[in-house]
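Here's a quick tour for anyone meeting this structure for the first time. Have a look at the model, then read on.

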Amino acid sequence: MAENTPDRIPSRKECEELMAQYAMRPHIVAHSLQVMRVSLAVTDHLKNGVSVNRDLVAAAALLHDITKTRSFVTKERHDASGGALLRELGFPHVAEIVEQHVTIRNVNLHGELEEREIVYYADKRVLHDTIVTIDERANDIMQRYGAVEEIRSLILQNKSQVLAVERKIARFMKTEIDQAIGGIKTKKAHASDDHQ
């Protein structure tokens with residue numbers, strides 16, 4: 001890997017190497033690739049003059065579940081451990097986005113669009129490797145994790161936050177979000193098979 005600097009973003013090749021090194025399961029790789037596609041479809045349909053770092057969006061989307069495979073055994077929060085790992089590896093900007101892909105903090109709904117909002121939103125539009133509505137994704141999370149009222153309440157709060165972020169993103173786009181991501185196809189492939 002190239003020498004790390006405090007603001008360096010890993011290349012696509014480096015992301016693929018990290019995904020392999022941390023033994024991401026194939027279905028998690030497929031999910032991450034689809035989150036990247038959705039993130040980039042949003043990024044590529046922003047109005048002229050909207051400043052978003054496309055490479056940062058792509059890297060964070062690819063690596064957002066970097067520690068999810070091991071979390072099945074360790075029961076760690078994969079958003080926190082993924083962020084910690086990426087900080088250790090010298091990618092603090094990617095780490096910050098990864099730490100907030102499950103629950104985003106301090107969103108300024110009237111401020112400039114941020115990369116973390118795009119990745120957070122894209123993750124909520126991808127169930128496994130299929131693009132779905134926010135309702136479909138929230139319903140799946142509710143069925144899998146909503147065994148107790150406290151968790152159900154948190155899931156509904158997060159759904160409200162996703163909808164608010166969606167409205168914010170929509171203001172910065174030159175086309176409808178669903179139109180922008182409508183051309184993406186589900187691909188069951190390895191990371192190296194899908195070059196952007």
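## The pocket and what lines it

Start with helix α9, which gives the most to the lining of the largest pocket: seven residues. Keep in mind that this is a predicted model. The largest pocket holds about 1100 Å³ of space. How does one find a space like that? Roll a probe the size of a water molecule over the atoms, and you see where empty space is left.

In total, 33 residues line the largest pocket. If you want to find its centre, look for K68, H78, V102, I141 and Y145, the residues that lie nearest to it.

## α8 against α9

Now for how two of those lining helices sit together. Helix α8 covers residues 134-145 and helix α9 covers residues 149-171. Their axes come within 10 Å and cross at roughly 165 degrees. Angles over 145 degrees count as roughly antiparallel, so that is how α8 and α9 run relative to each other. The crossing of α8 past α9 is right-handed.

Which residues do the touching? On the α8 side they are I134, D135, A138, I141, M142 and Y145, while α9 brings I151, R152, I155, L156, K159, V162, L163 and E166. Sorted by class, this contact has ten nonpolar and four charged residues, with no polar ones. I141 and Y145 of α8 turn up in this contact, and those two are also among the residues nearest the centre of the largest pocket.

## α3 and its two partners

Next comes α3 (residues 54-63), which packs with α1 (residues 12-21) at an angle of about 10 degrees, the axes being 10 Å apart. The two helices are therefore roughly parallel. R12, C15, L18 and M19 of α1 meet A59, L62 and L63 of α3. Six residues of that contact are nonpolar, one is charged and none is polar.

What about α2 and α3? Their axes come within 8 Å and cross at roughly 155 degrees, which means α2 is roughly antiparallel to α3. This crossing is right-handed. From α2, the contact takes in S32, L33, V35, M36, S39, L40 and T43, and from α3, R54, V57, A58, A61 and L62. That gives eight nonpolar, three polar and one charged residue. Keep an eye on L62 of α3: it meets α1 and also takes part in the contact with α2.

Technical notes
Residues are numbered from 1 along each chain as its sequence is written. This is a predicted model: local features need pLDDT of at least 70, side-chain atom pairs count only at pLDDT 80 or more; totals for chains, interfaces and linings use all residues. Side-chain values use heavy atoms; hydrogens and water are left out. Axes are lines fitted to C-alpha atoms, for helices over the stretch in contact, and angles run from 0 to 180 degrees between N-to-C directions. Helices (H or I, at least four residues) and strands (E, at least two) are DSSP runs, numbered from the N terminus. Angles under 35 degrees count as roughly parallel, over 145 as roughly antiparallel, 65 to 115 as roughly perpendicular and the rest as oblique. A crossing is left-handed if the near helix is turned anticlockwise from the far one by less than a right angle, and right-handed if clockwise. Contact means heavy atoms within 4.5 Å. Ala, Val, Leu, Ile, Met, Phe, Trp, Tyr, Cys and Pro count as nonpolar, Asp, Glu, Lys and Arg as charged, and the others, Gly among them, as polar. On a 1 Å grid over the protein atoms alone, a cavity is a set of points where a 1.4 Å probe fits but cannot get out, and a pocket is an open set with protein on both sides within 12 Å along at least five of seven lines; lining residues have an atom within 4 Å of a point. Grid points are joined across faces, edges and corners, and a volume is the space filled by probe spheres set on the points.
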